[in-house]
Amino acid sequence: MGEDGSVTSAPQRPDGPTPTPRLIATDLDGTLLRDDKSVSHRTVAALAAAEEAGIEVFFVTGRPARWMDVVSDHVHGHGLAICANGAAVVDLHAGREFVQVRALLRPTALTVVETLRDAAPGTSFAVEMTTGINYEPLYPPFFQDPGAHVATAEKLLEEETDDASTPVLKLLAHHAELAPDEFLALARSAAGTYASITRSSPTALLEISGPGVSKASTLELCCAERGISPAEVVAFGDMPNDVEMLRWAGTSYAMGNAHPDVIAAASGRTVANNEDGVAVVIERILEERAAHRP
């Protein structure tokens, strides 16, 4: 969900001609999805047209694999998606099977918990694993999970528990009083040497991954496997967890509803998610490609 005023005019292009990409990387919430979490018919058609033109599409999201049903019917070709801010690559064609996991080590997560409890008293935590989410009693139940364990983060992260062998994808930290960007800055200052810390929620909810794990770094790995350079990638996003990816991609667009940090990081700007800003750019790319075809 974005935090800036919506852009309703035509997208602002990066300098120079729009390159023909080999890969489109797009965030979901606040970017590809409308605010009601739907994918518009226009966007579905644009994604299919891109794939038909030989342009791979990667969904790159903070969402866990279990929340990917909203787009599972719209992934073509490879069927892969990057989830949990880069901590997992999943195959949506194979029932959200994990193809790659970049785990947050439990001792590291415990160090972050201890550090943030000291730096920001009142912080509550949840632990996102490949099997689901567990959380502390005071953590806001944004999405009820009947299979979740409820205990302190220290207990949930113990190496002697029954699920100790289950990879931890990310740690979630919530604060009821701090402003979202204030909490993010404080957490990065206190614990940024231990882990990657970002946010995508309009509330003071932080997402904490292993060191060096981000949407950008996992996307880079996926592109390297395909021989795709950053210059051949067009990326879209709206929140701080998209910043690294937008800076890495050769061409990038902040949504009209994007956070100011995202606008500063992107090379261009499109209209808001509710106005199909991703589809607008894809359509233009394909139109320009057709116009220059001999």
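User: What angle do H2 and H10 pack at, and how far apart are their axes?

Analyst: H2 and H10 pack at an angle of about 35 degrees, and their axes are 9 Å apart. The axes are lines fitted to C-alpha atoms, for helices over the stretch in contact, with angles from 0 to 180 degrees between N-to-C directions. Helices here are DSSP runs of H or I with at least four residues, strands are runs of E with at least two, and both are numbered from the N terminus. This is a predicted model, where local features need pLDDT of at least 70 and side-chain atom pairs count only at pLDDT 80 or more, while totals for chains, interfaces and linings use all residues. Residues are numbered from 1 along each chain as its sequence is written, and side-chain values use heavy atoms, with hydrogens and water left out.

User: What is the handedness of the crossing of H2 and H10?

Analyst: That crossing is left-handed.

User: Which residues make the contact?

Analyst: On the H2 side you have Arg42, Thr43, Ala46, Leu47, Ala49 and Ala50, and on the H10 side Ala279, Val280, Ile282, Glu283 and Leu286. Contact means heavy atoms within 4.5 Å. The residues of this contact divide into eight nonpolar, one polar and two charged. In that tally, Ala, Val, Leu, Ile, Met, Phe, Trp, Tyr, Cys and Pro count as nonpolar, Asp, Glu, Lys and Arg as charged, and the others, Gly among them, as polar.

User: What makes Asp276 and Arg34 a salt bridge?

Analyst: Their side chains meet at 2.8 Å, N to O. A salt bridge needs a side-chain nitrogen of Lys or Arg within 4 Å of a carboxyl oxygen of Asp or Glu, so the pair qualifies. Asp276 sits in the loop between strand S13 (268–269) and helix H10 (277–291), and Arg34 in the loop between helix H1 (28–32) and helix H2 (41–52), so the pair ties together parts 242 residues apart in sequence.

User: What about Arg226 and Glu225: what distance do they meet at?

Analyst: They meet at 3.8 Å, N to O, and the limit is 4 Å, so this is a salt bridge too. Glu225 is exposed at 63%, while Arg226 is partly exposed at 23%. The structure holds 17 salt bridges, and Asp27, Lys215 and Asp242 are linked in a network of them.

User: Which residues of helix H7 are buried?

Analyst: In H7 (residues 215–225) they are Lys215, Ala216, Ser217, Thr218, Leu219, Cys222 and Cys223. These buried residues pack against strand S1 (23–26), strand S2 (56–60), strand S3 (80–83), strand S4 (88–91), strand S11 (233–237) and helix H8 (243–248).

User: What makes Ser217 count as buried?

Analyst: Its relative accessibility is 15%, and the limit is 20%, so Ser217 is buried. Its side chain reaches the backbone oxygen of Gly212 at 2.8 Å. That is a polar contact (N or O atoms within 3.5 Å; within protein, one able to donate a hydrogen and the other to accept it, and residues adjacent in sequence counting only if both atoms are side-chain atoms).

User: What stands out about the phi of Lys37?

Analyst: Phi of Lys37 is near 70 degrees, a positive value in a residue other than glycine. Most residues other than glycine have a negative phi. Lys37 lies in the loop between H1 and H2 and is partly exposed, at 39%. Ala84 also has a positive phi, near 55 degrees, but Ala84 is buried at 1%.

Key. Buried < 20%, exposed > 50% of the residue type's maximum accessible area, 1.4 Å probe, protein only. Left-handed = near helix turned anticlockwise from the far one by under 90°.
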